[in-house]
There are 4 protein chains.
Amino acid sequence: MDAVGRDRLKLETVEKPKPGPGEVLVRVAAASLNYRDKLVIETGFGLPLAFPFTPASDLAGVVEAAGEGAARFKPGDRVISAFIPEWISGLNKGNARTPPYRTLGGIFPGVLSDYVVFPEGWFTATPASLDDAQASTLPVAGVTAWFALMERGGSLLGKTVVIQGTGGVSLFGLQLAKAGGAQVIVTSSSVDKLARAKAMGADHGIDRSQEDWVEAVLRLTGDRGADHIVEIAGGAGLGRSIQAAAMGGRISVVGVMEGFEVSGPVGPIMLKGLTIQGIGVGHRTAQEAFGRAVDDLGLKPVIDRRYAFEDVQAALDHLDRGAFGKIVVDVG
Amino acid sequence: MDAVGRDRLKLETVEKPKPGPGEVLVRVAAASLNYRDKLVIETGFGLPLAFPFTPASDLAGVVEAAGEGAARFKPGDRVISAFIPEWISGLNKGNARTPPYRTLGGIFPGVLSDYVVFPEGWFTATPASLDDAQASTLPVAGVTAWFALMERGGSLLGKTVVIQGTGGVSLFGLQLAKAGGAQVIVTSSSVDKLARAKAMGADHGIDRSQEDWVEAVLRLTGDRGADHIVEIAGGAGLGRSIQAAAMGGRISVVGVMEGFEVSGPVGPIMLKGLTIQGIGVGHRTAQEAFGRAVDDLGLKPVIDRRYAFEDVQAALDHLDRGAFGKIVVDVG
Amino acid sequence: MDAVGRDRLKLETVEKPKPGPGEVLVRVAAASLNYRDKLVIETGFGLPLAFPFTPASDLAGVVEAAGEGAARFKPGDRVISAFIPEWISGLNKGNARTPPYRTLGGIFPGVLSDYVVFPEGWFTATPASLDDAQASTLPVAGVTAWFALMERGGSLLGKTVVIQGTGGVSLFGLQLAKAGGAQVIVTSSSVDKLARAKAMGADHGIDRSQEDWVEAVLRLTGDRGADHIVEIAGGAGLGRSIQAAAMGGRISVVGVMEGFEVSGPVGPIMLKGLTIQGIGVGHRTAQEAFGRAVDDLGLKPVIDRRYAFEDVQAALDHLDRGAFGKIVVDVG
Amino acid sequence: MDAVGRDRLKLETVEKPKPGPGEVLVRVAAASLNYRDKLVIETGFGLPLAFPFTPASDLAGVVEAAGEGAARFKPGDRVISAFIPEWISGLNKGNARTPPYRTLGGIFPGVLSDYVVFPEGWFTATPASLDDAQASTLPVAGVTAWFALMERGGSLLGKTVVIQGTGGVSLFGLQLAKAGGAQVIVTSSSVDKLARAKAMGADHGIDRSQEDWVEAVLRLTGDRGADHIVEIAGGAGLGRSIQAAAMGGRISVVGVMEGFEVSGPVGPIMLKGLTIQGIGVGHRTAQEAFGRAVDDLGLKPVIDRRYAFEDVQAALDHLDRGAFGKIVVDVG
């Protein structure tokens, strides 16, 4: 892309890049798309993009060459990218005035390309049990769910978890919460998607087009409420999650589907002693732990549909309609 | 009171009560008032009050007699009441639909009375280093600050804490945060109150009538922001606290001065990885630990003014104007 | 029993007790035995037992009558006992000089009896999915495993857990760690027991009679080590667990099979940043949460063998030989 | 040094090194010594040292030149070294079989030298409020105390902390625990050192040559015991700390003065629900947070004595006798 806009997205033929010191050259096999990629392509998302700009952040590929001093991977190693590549562990960098948003497919270049050259530390090993299309879905959607439920979620055993929706983060959340021993309630306005979520192990599905989801959660839990709610809506949706949360419950704010301003009643936040926590994907160390768990648990990411590289526009249209799980572009 | 309303508040002469099994008779020496008491007296606060109703929740007094089987205290012991008397430790009771609000001076009787008879478990020992007026300020204001900063706050050493205002909870928060090794920034719209807060140890005061407090926090911290903000405003004030919070910061929602609905931008909640936690006072075990700390640290509660029992109306007027610290009624 | 000694254990016919205020009368259906019961019966275990003494601490039964003011349960409710009945949540009572050991079948009376009368707060509801024999195994063995892995263990998802042995605590640990998404390694010196543990879901079994278990853990984890080790041996066994633990690993000390003094190398404790934590069963709130999880997860306790009330001596002999899971006495 | 041995320690004149890519040249102003340095010099400490070997790990100095691409510091910046320079945050690298011990003055070169050239990431900014001699004491002794009490210690406010001894880690522990609002008990076998510890703020001193320190802790706490014990002894000393610990208490194992094998009674570990945690200094992110806190709190490291560069042998002799706080060598 040489400017913002869906119509400016086109394939360019450029020279194959060479890895400098500490860098690796990676042949991209697959890239998964996130709704944010669509916003960046169409609006720039308020980011200082460098043109020509390559969109998308999540890749799986193979190391083809390593630059001088780069020893973390060797040619032939399968790798996936890290969304916030400089965030290794602990707290992300940045400060109160300027929270950090230094990601691939944003301030840093993206991955919808046959080859990328990045510092070696921007990759982690691909879980051996996944193919490239599956592995490409981990960096944003998978790590976000892992970070919310694992790094900042405490034990899941015997807890009740509410997963809103059936997009990428949501289905990873469903799989992880079930693997961790939780009772999982999924909400959706599609009967069909609820059926598929139940087939994946969800204990209950709530059809938001038919009933008030908060009342349904209270009914299903005997008024106890949910211990952890993965909140993707934003907006006034937070207020509903606050009502559905159990005493001492936790709400992970992971998305902004309904608005960039959240609101809700303060009384129950105080009386229930709730914790509302923001999840901005996660760090590389979490991605590594998540990758090990994917292998150990035999967890298979859910891909709604795979698109050829030349059909990226159709893939973006699919994002608009909403996917069940992830959309992947086969690059290599 | 035989009905809701400031004009229905009057002193009644009743028979001195007797403690039943497991109960103690306590002669009240002092009661401290909270803004909530004013709301209960004037509006009922939506609570199913039992009339005749005695308002206020925080007392310090002396055990005069113990009922059958009551062995926790003996006559002569100095005690203070617990605001949520059934909440011993762990999570409070209640569920998602009906968060618990079973407090003294509400669903349970209040303490503006020469004598009260309550179950022995509804009291804790008075810290030896405090007089009764001082000790009466602990159950709501003191325990709230302790619960936010200690039980759910992690270590304070080297952290930057923002305390909003100079009311009861705020000044306890200032004292505890300083005792815990934090840098403390106090906000107020009164130059005089800021001067008194600094005299108590506040590192910085921000005059909200003169400058934007969020910008001032960023300036004072070199844009790093605040690690923990004790948020008493509610309403859109939460959004300002979100902007002032550091990476990985924590916001304790302890009050509703500006509204029962909170709102704020979701972007920085996610990008900063914030934790927003509701604090609804605290449990009896926390009150006991806080009491020990008060003695150990030599912490003296700040009382703005003491009123005679017959001047309760003037004390309530003072609450309306806003106090620097606590208002106490000398009962016995 | 009117004195310490296996030969002093005999059935007595006494009058059916009546519940006093706040108490309930429970008809005992089943009691599970712990190795500790054998030590108490044979040696007194250093406890100030009150004679005549009824041994054993874990019962499942039915409430037959409630005393005045007892409203927690009603006649017909199925209940199980709490091992440390006064420990509701938070920290147990007691102090540094005198750690608390106020348990049923010890300082308090035991449960090998047709009827018991205890305060109503000493019981929790029986999980609906268990029969009485199964439910009787929860108070000590089940709650210990739950407390180690859940209350003080953090998330299990993707972690490697080593379970030593195949006794009561160990098999609950195996079931819970698998339900929580961990890879589980069981050690035993019996090929047969290892086969049964694998049939229950253990990922790996290590035959301690054939190989060094620490080396085997390192081999199975590619030298990474175990994230959490449930240590039942005590003695110098702790040193082996220290060697088998991963960086940042956790060792739960739950038993004293090999000695009352633990020892181990300090270097790896420091270099690995290990956490060694003592688990002394757990509180009533944990038992309640565990009970809900048992129902939600469909977890079935493993009973090696059930004995008739008159065959308690044979049951104690079985404890001596070592059981696979739990030994239960059918009382009612 | 060209071989292990006190007599092989000598000043060599070598060419001033040049920083390569990503490295900085630092002129050393001061180096503080740790007992471990003495062991490395005299015995090699079992490490694969590269000769010629420069001992000691803790420096304060000034950046004189930065190599290509090194942007973390600029010439003139004051810096201190990180003891385990590759450990940035989260868990240290390494595995169960080979816990990491990749430190300066060990596997990596040491700092008793006019100049060092290290990767820029091996340094952190010197706290502005300290001179170089003071700042040189932070990397091992200061960070160890900070990591034990802050990163892995929870809040200190109102807690009782026992500090064993008056060496470098111990006095930092005393200062931090007091700054954090704890009651601090120091043990020593020197009346004089106890007096100096009290002058620094210790609430109580226990003379180990005159009384049993565990009994004294119980006496001083009314049998409640200590919430956190900084255990420097190792050996059977751990058993004493276990006896002195409060219910739910924490013991930080930071040293091995009395032996490389720890031992203690398992009963109280379980009944008190203790946490015993190993502290192997700490990561660079902790050192940065500690540095900020040093400035904020105005904390001044305690230096027992400063030695000229040519008097290193006398400084090592002083280590043998035991120092009150730290020993510093003025290098530059």
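How many aromatic pairs does a search of the whole structure find over all chains? The search turns up 32.

This is a predicted model, where local features need pLDDT of at least 70 and side-chain atom pairs count only at pLDDT 80 or more, while totals for chains, interfaces and linings use all residues. Residues are numbered from 1 along each chain as its sequence is written, chains are lettered from A in the order in which they are written, and side-chain values use heavy atoms, with hydrogens and water left out.

**View 1. A tilted ring pair in chain B, Trp146(B) with Phe290(B).** Rings of Phe, Tyr and Trp (its six-membered ring) pair if their centres lie within 6.5 Å; planes under 30 degrees apart count as stacked, over 60 as edge-to-face and the rest as tilted. Here the centres are 5.4 Å apart and the planes sit at 40°, so tilted it is. Trp146(B) belongs to helix 3 (residues 138-151) of chain B and Phe290(B) to helix 9 (residues 284-297) of chain B, so the pair ties together parts that are 144 residues apart in sequence. Helices (H or I, at least four residues) and strands (E, at least two) are DSSP runs, numbered from the N terminus. Both Trp146(B) and Phe290(B) are buried, meaning under 20% relative accessible area (1.4 Å probe, protein chains only).

**View 2. Helix 7 (residues 237-244) of chain B, largely enclosed by the rest of the structure.** Six of its eight residues are buried, which is why it counts as enclosed. Among them are Leu238(B), Ser241(B) and Ile242(B).

View 3. Two strands pair if DSSP finds at least two bridges between them. Strand 6 (residues 160-164) of chain B runs parallel to strand 9 (residues 226-231) of chain B over three bridges, and Val161(B) has His228(B) as its bridge partner there.

**View 4. Arg196(A) over the ring of Phe324(A).** The charged end of Arg196(A) is 4.1 Å from the ring centre. A charge sits over a ring if NZ of Lys or CZ of Arg is within 6 Å of the ring centre and within 35 degrees of the ring normal. In chain D, Arg196(D) sits over Phe324(D), also with 4.1 Å to the centre.

Methods: Buried means under 20% relative accessible area, exposed over 50%, partly exposed in between (1.4 Å probe, protein chains only).
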